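Have a look at it first, and then we'll go through some of its parts.

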Amino acid sequence: MTREYIYPTRIVWQDGQINASDNLMLDGNGQANLNNEHITILKNNATQTSSVLLDFGKEINGAVEIITGMWGGGNTPRNVRIRLGESVSEAMSEIGAKGATNDHAMRDMKLQLPWLGKNQTGESGFRFVRIDFLDPEAELHLREVRAIATYRDIPYLGTFKSSDERLNKIWEVGAYTVHLNMQDYLWDAIKRDRLVWVGDLHPEVATVNTVFGYNDVVPKSLDLARESTPLPGWMCGISTYSMWWIVLHYDWYMAHGDLAYLEEQKPYLQGLVKQILSKVKDGKEQMDGTRFLDWPSSEDSLAVHAGLQAMTILGLEKASQISTFLNDPETKKLCDDALVKMRKVKPDHNQSKQAAALMSLVGLMDKEKAYQDVLKVGGAKNFSTFYGYYMLEAMAKAGKYQEAMDIISEYWGAMLDLGATTFWEDFNIEWLPNASRIDELVPEGKVDIHGDFGAYCYVGHRHSFAHGWASGPTSWLSEHVLGIKVAEPGGKAYTVKPHLGNLSFAEGTFPTKYGIIKVKHTKDANGKIISEIEAPKEIKIIR
């Protein structure tokens, strides 16, 4: 892990007696000194305190460090309150108001600052920092306020560039969102939900494979999930999350081909398959534990059942394929026999985009019908940041590449329009009317996009604004627009089948265990795509 010092880019707001506040935006060296130069002075009287709200320019995972100068009247430590926020409104909030919380990471705390020294907070996810000087009839001399960002110092091996700058930015923001969450483990979020949620890992790992290639944070996180979930438990208490664990191991092996690592999963996989099959009766899933796809669909029992039927099929399909890799014909037969029966059961999707997407992807529903009857309806309405990835995948399966790019631009792009530098735990296109940006004080008469919305576990400011499960467009654009997809176990072959839609060109790179694949696709005057492809000699390219 690397620590990088980041200085504020602007002062959003200040109140009280503050002298030379612009000094807070100067890059420093983190060292107090006797010259007391470039000092910002906060002065309180008996009735008024002073406060300042700083913007660090982008979402980061890290701490805040404050370096002090020499105030007069003795060297008594000074007391401040620090509030971290993923939005301006969160940094200005009180604990308990509009969902503001200290869950998982302390983001609202009091801190003592030494005379001529420094102190720092613990880590959280934030972009904005409010500092309130608390001591009456006193001065606080600030030499520097800086963030200490903690992240893995790894190169972005995958890239994406096209004639649509908005799509380019969305690709980059998805990559950055996951990068922030590659901490000790692959977390779901860096503020609230600094945990390993196995289902949520699936789009995150797709982004890791697309942007960074192999990274040990993935197997480390998958192993944590296995080791902390002895059978007959479900990972995170959710049956589908144990199924996602199977899918993840399939995807990881396809990309990286570590058979020894896959062999380590064999005993658990065998037991898990039997556990899943024990919850299937006459081809119909009857899963216990928490029955969950994603939050927006969670109250629709018909959609959840349809999604669970499809997820069980997906999990058993991947378990069957893994069993082939592991030369385990017994487990493979158990999966294949169950799949024959399960495919005969076609539950009602209840117009749920989540359920219809999964059903389309596993062949329980005609791909064109899934698109026309469900996914197309209302455009980005009823999309979600997590299962939006599978909705996009189902649209690609139906050949609706341009339509999917339009949704990416409308739905994920709307978060950028509101000032986001990372993608959120959830977003509803119906929140947009009269919504304020996250990087400004909420103007009178405007809606607080962070504090006024959200549901379930993410009400108001509890809502995470850097959630890795929302990164789906990054891997989707590389797979379907650049057209790069692994075709043989261990990344020995890749297909390159671009779909540019209305784009005039798209180019980029994709990391593999043998090196980088480079592609450039350009439309000629007749609309024909001309492709230039470079790949390591060990890789077969399938056109």
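What follows covers a domain record, a helix, some strands and a set of salt bridges.

First, some ground rules: this is a predicted model, where local features need pLDDT of at least 70, side-chain atom pairs count only at pLDDT 80 or more, and totals for chains, interfaces and linings use all residues. Residues are numbered from 1 along each chain as its sequence is written, and side-chain values use heavy atoms, with hydrogens and water left out.

Let's start with the record. UniProt, in an unreviewed entry, puts the feature "domain: Alpha-L-rhamnosidase six-hairpin glycosidase" at residues 157-481; such annotations may be inferred rather than shown by experiment. In the model, that stretch is 53% helix and 2% strand, and its end C-alpha atoms are 17 Å apart. Helices (H or I, at least four residues) and strands (E, at least two) are DSSP runs, numbered from the N terminus.

Buried here means under 20% relative accessible area, exposed means over 50%, and partly exposed is in between (1.4 Å probe, protein chains only). At the N-terminal end, D164 caps α2, with a side-chain oxygen 2.9 Å from the backbone nitrogen of R166.

Now for the strands, which count as paired if DSSP finds at least two bridges between them. An open, antiparallel sheet has four strands in the order β11-β16-β17-β18. β11 (159-162) and β18 (529-534) stand at its edges with a single partner strand each, so one side of each has no neighbour in the sheet. From one strand to the next, the twist averages 10°. Inside this sheet, β16 (residues 505-512) and β17 (residues 515-523) are joined by eight bridges, and P511 has I516 in β17 as its bridge partner.

Elsewhere, strand β6 (residues 78-85) has seven of its eight residues buried, so the rest of the structure largely encloses it. β6 pairs in the antiparallel sense with β7 (residues 108-113) over six bridges, and R81 stands opposite K110 in β7. Six bridges also join β6 to β9 (residues 124-133), again antiparallel, with R83 opposite R130.

How many salt bridges does a search of the whole structure find? The search turns up 35, where a salt bridge is a side-chain nitrogen of Lys or Arg within 4 Å of a carboxyl oxygen of Asp or Glu. R81, R83, E94, D108, R130 and D132 are linked in a network of them. Here are some other pairs:

| Pair | N to O distance |
|---|---|
| R192 and D193 | 3.3 Å |
| E425 and R192 | 2.7 Å |
| E430 and K381 | 3.4 Å |

R192 and D193 are both buried, and E425 is buried too. E425, in the loop between α13 (401-417) and α14 (472-481), and R192, in the loop between α2 and α3 (198-211), are 233 residues apart. E430 is partly exposed at a relative accessible area of 47%, and K381 is partly exposed at 38%.

Terms used
Axes fitted to C-alpha atoms, helices over the stretch in contact; angles between N-to-C directions. Polar contact = N/O pair within 3.5 Å; in protein donor to acceptor, adjacent residues only side chain to side chain.
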